[in-house]
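Work through the following exercises with the structure at hand, and try each task before reading its solution.

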Amino acid sequence: MTAGRALFISLEGIDGSGKSTQARRLAEHMRARGRDPVLTREPGGAPGAEEIRRLLVEGDPARWSPETEILLFTAARRDHLERTIRPALAAGRDVVTDRFADSTRVYQGATRGDLRGLVDEIHAAAIGVEPDLTLILDMDPEVALERGLARASGEDRFEEFGLPFQEKLRAGFLALARGAPERCVVIDASEDPDTVARHVCEAVNARL
Ligand code: TMP
């Protein structure tokens, strides 16, 4: 999706990989370069989608089947797209989102059985767009999980699935990056936050 010069950028990665901090720092960097990005997140990014978020990230890990999760995440994404992403791009503003469809491809499509076909069908029918650039923050799941649970945000339904789940996620994100090298840049997120931020900004500057 390229509307004029406005860029649609997503940050992806396992839980605790530092995406939210890096998304915020990237938006600050873009503002310093005279751009006017909308910083947003998934699930959420619009009032209705934020309501759906609570259903997904809180409570018992077994609360939803992966198939039901695909539908709920896609419903939230559709609302986010209609109310936040499309209007921003149409107004010429860049969009920086903390997660987008790659999270569904990996969390729902590649961890608890192979549901990638279903994810792709529903994505094609209801969403149908990809970011211009996806930054995949890659790190050791053991370290990331400690960070994630240490935050005790009450939004740890997916962290509760444990380390093997996070290892599958990491492998899933790296496989996605290999399959879409023109869109995805893998960034080593185990470095200190300033170094990670520099690598994120360099990847984005190359597209501005
Ligand atoms: P966050 O912690 O990055 O805000 O994301 C909330 C949780 O939702 C996180 O554990 C990843 C999960 N998630 C999915 O499982 N599928 C999705 O499509 C999205 C956007 C998030």
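**Exercise 1.** In this predicted model, determine how helix H3 and helix H4 are oriented to each other, and which residues meet where they pack.

*Solution.* Begin with the geometry: helix H3, residues 66–90, packs against helix H4, residues 101–108, at an angle of about 175°, and their axes are 10 Å apart. Angles over 145 degrees count as roughly antiparallel, and H3 and H4 are therefore roughly antiparallel to each other. Next, look at the residues in contact: H3 contributes Pro66, Glu69, Ile70, Phe73 and Arg77, which meet Ala101, Thr104 and Gln108 of H4. Sorted by class, this contact of H3 with H4 holds four nonpolar, two polar and two charged residues.

**Exercise 2.** Find which residues of helix H8 are buried, and name elements that cover them.

*Solution.* First locate the helix: H8 comprises residues 193–205, and its 13 residues reach 18 Å from the first C-alpha to the last, close to the 18 Å expected at 1.5 Å a residue. Within H8, the buried residues are Thr195, Val196, Ala197, Val200, Cys201, Ala203 and Val204. The elements covering these buried residues include strands E1 (8–13), E4 (133–138) and E5 (184–188), together with helix H1 (19–32).

**Exercise 3.** Describe the largest nonpolar core, and follow the contacts of Leu26.

*Solution.* The largest nonpolar core has 38 residues, and those with the most contacts inside it are Ile9, Leu26 and Leu135. Helix H7, residues 163–179, gives the most to this core, with five residues. Taking Leu26 and leaving aside its neighbours within four places in sequence, one finds it in contact with Ile9, Leu11, Val96, Leu135, Val200 and Val204. Apart from this core lies another, of twelve residues, among them Leu81, Ala88, Leu89 and Val95.

**Exercise 4.** Is Val95 buried or exposed, and is Glu146 buried or exposed?

*Solution.* Val95 is placed in strand E3, residues 95–98. The cut-off for a buried residue is under 20% relative accessible area, so Val95, at 0% relative accessibility, counts as buried. Not counting residues up to four places away in sequence, Val95 touches Leu7, Phe8, Ile9, Val38, Thr40, Ile85, Ala88 and Leu89. Glu146, in turn, lies in helix H6, residues 141–150. An exposed residue has over 50% relative accessible area, and because Glu146 is at 57% relative accessibility, Glu146 counts as exposed. Finally, Glu146 and Glu159 are 13 residues apart along the chain, and their C-alpha atoms are separated by 9.5 Å.

Technical notes:
Residues are numbered from 1 along each chain as its sequence is written. This is a predicted model: local features need pLDDT of at least 70, side-chain atom pairs count only at pLDDT 80 or more; totals for chains, interfaces and linings use all residues. Side-chain values use heavy atoms; hydrogens and water are left out. Axes are lines fitted to C-alpha atoms, for helices over the stretch in contact, and angles run from 0 to 180 degrees between N-to-C directions. Helices (H or I, at least four residues) and strands (E, at least two) are DSSP runs, numbered from the N terminus. Angles under 35 degrees count as roughly parallel, over 145 as roughly antiparallel, 65 to 115 as roughly perpendicular and the rest as oblique. Contact means heavy atoms within 4.5 Å. Ala, Val, Leu, Ile, Met, Phe, Trp, Tyr, Cys and Pro count as nonpolar, Asp, Glu, Lys and Arg as charged, and the others, Gly among them, as polar. The expected span of a helix is 1.5 Å times one less than its number of residues. Buried means under 20% relative accessible area, exposed over 50%, partly exposed in between (1.4 Å probe, protein chains only). A nonpolar core is a set of buried Ala, Val, Leu, Ile, Met, Phe, Trp, Tyr and Cys residues joined through side-chain atoms within 4.5 Å.
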